[in-house]
Amino acid sequence: MKEWLTPSEIAAEALPDLPATKRGVQLFAERYGWLDHPALARPRKGREGGGGTEFHIHQLPTLARIEYCRRHQIAGGDPAPSEHITMSVGATNARATLERDARLAIIRAFRRLSDGLALTQVSRLQIFTDRYNQGLIEIEGWILKAVPAVSKRSLARWLSSAAKGKALQLGHDPAAAPQGNRRAAHGQRRPIA
């Protein structure tokens, strides 16, 4: 996804809350002080004779940025795991490894979408999970197969695990979980001898 855009490119996107002409975007940028942030505005590269400015997508209004990311961001970006997945630390089998990798890709997509948004964490979680579950974010097939839907609580839990350095433990294979005692699971007691 391209992160630096010229006024012409911004206008061509026809994003919500933004003008649809190059001059309109330039006036909007002046009005809202986009040029006052040197880390988010730079002279255009590769242009002979100078002139022109590029703006980072963090300058865009919230709705415009969300729409731009929805159009151009593809969750995953990593090659799909092969059938011969190598075991790594923290994953017990291929299914757990695949699920862990899918969840990590979702975390990366969430961070790319939400970085710089002037919203609370709860709002960012809500926007991302709604868009993910409605299919409004481009998701690679292997990720969608491993994680067909995401709840706010699950995503928050995954983010917390990743922040604590426990990202390798995000994979889980229910088939590999201990089964326990069948009688105890059904509430039956053993007769006392």
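This is a predicted model: local features need pLDDT of at least 70, side-chain atom pairs count only at pLDDT 80 or more; totals for chains, interfaces and linings use all residues.
The protein has eight helices and five strands. Along the sequence these elements come in the order β-α-α-β-β-α-β-α-α-β-α-α-α.

Some totals describe the chain as a whole. The protein has 193 residues, and 35% of them count as buried. Its accessible surface comes to about 11,800 Å². Carbon and sulfur atoms account for 53% of that surface. The contacts can also be sorted by how far apart the partners lie in sequence. Among contacts between residues at least 6 apart, 61% join residues at least 24 apart.

Helix 4 covers residues 94–114, and helix 5 covers residues 121–133. The two pack with their axes 10 Å apart, at an angle of about 120 degrees. Helix 4 is therefore oblique to helix 5. The reason lies in the cut-offs: angles of 65 to 115 degrees count as roughly perpendicular and those over 145 as roughly antiparallel, so an angle between these two classes is oblique. The crossing of helix 4 and helix 5 is right-handed.

Which residues make this contact? On the side of helix 4 they are Ile 106, Ala 109, Phe 110, Leu 113 and Ser 114. Helix 5 contributes Gln 121, Arg 124, Leu 125, Phe 128 and Tyr 132. By type, the residues of the contact divide into seven nonpolar, two polar and one charged.

The last stop is the loop between helix 1 and helix 2, where Ala 14 is placed. Helix 1 spans 7–13 and helix 2 spans 22–31. Ala 14 is not a glycine, yet it has a positive phi of about 50 degrees. Is Ala 14 buried, exposed or partly exposed? Its relative accessibility is 49%, so Ala 14 counts as partly exposed. The class of exposed residues begins over 50%.

Asp 17 also has its place in the loop between helix 1 and helix 2. Its phi is positive as well, at about 70 degrees, although Asp 17 is not a glycine. With a relative accessible area of 49%, Asp 17 is partly exposed.

Technical notes:
Residues are numbered from 1 along each chain as its sequence is written. Side-chain values use heavy atoms; hydrogens and water are left out. Axes are lines fitted to C-alpha atoms, for helices over the stretch in contact, and angles run from 0 to 180 degrees between N-to-C directions. Helices (H or I, at least four residues) and strands (E, at least two) are DSSP runs, numbered from the N terminus. Angles under 35 degrees count as roughly parallel, over 145 as roughly antiparallel, 65 to 115 as roughly perpendicular and the rest as oblique. A crossing is left-handed if the near helix is turned anticlockwise from the far one by less than a right angle, and right-handed if clockwise. Contact means heavy atoms within 4.5 Å. Ala, Val, Leu, Ile, Met, Phe, Trp, Tyr, Cys and Pro count as nonpolar, Asp, Glu, Lys and Arg as charged, and the others, Gly among them, as polar. Buried means under 20% relative accessible area, exposed over 50%, partly exposed in between (1.4 Å probe, protein chains only). Accessible areas come from the Shrake-Rupley method with a 1.4 Å probe; for residues, only the protein chains shown count as cover.
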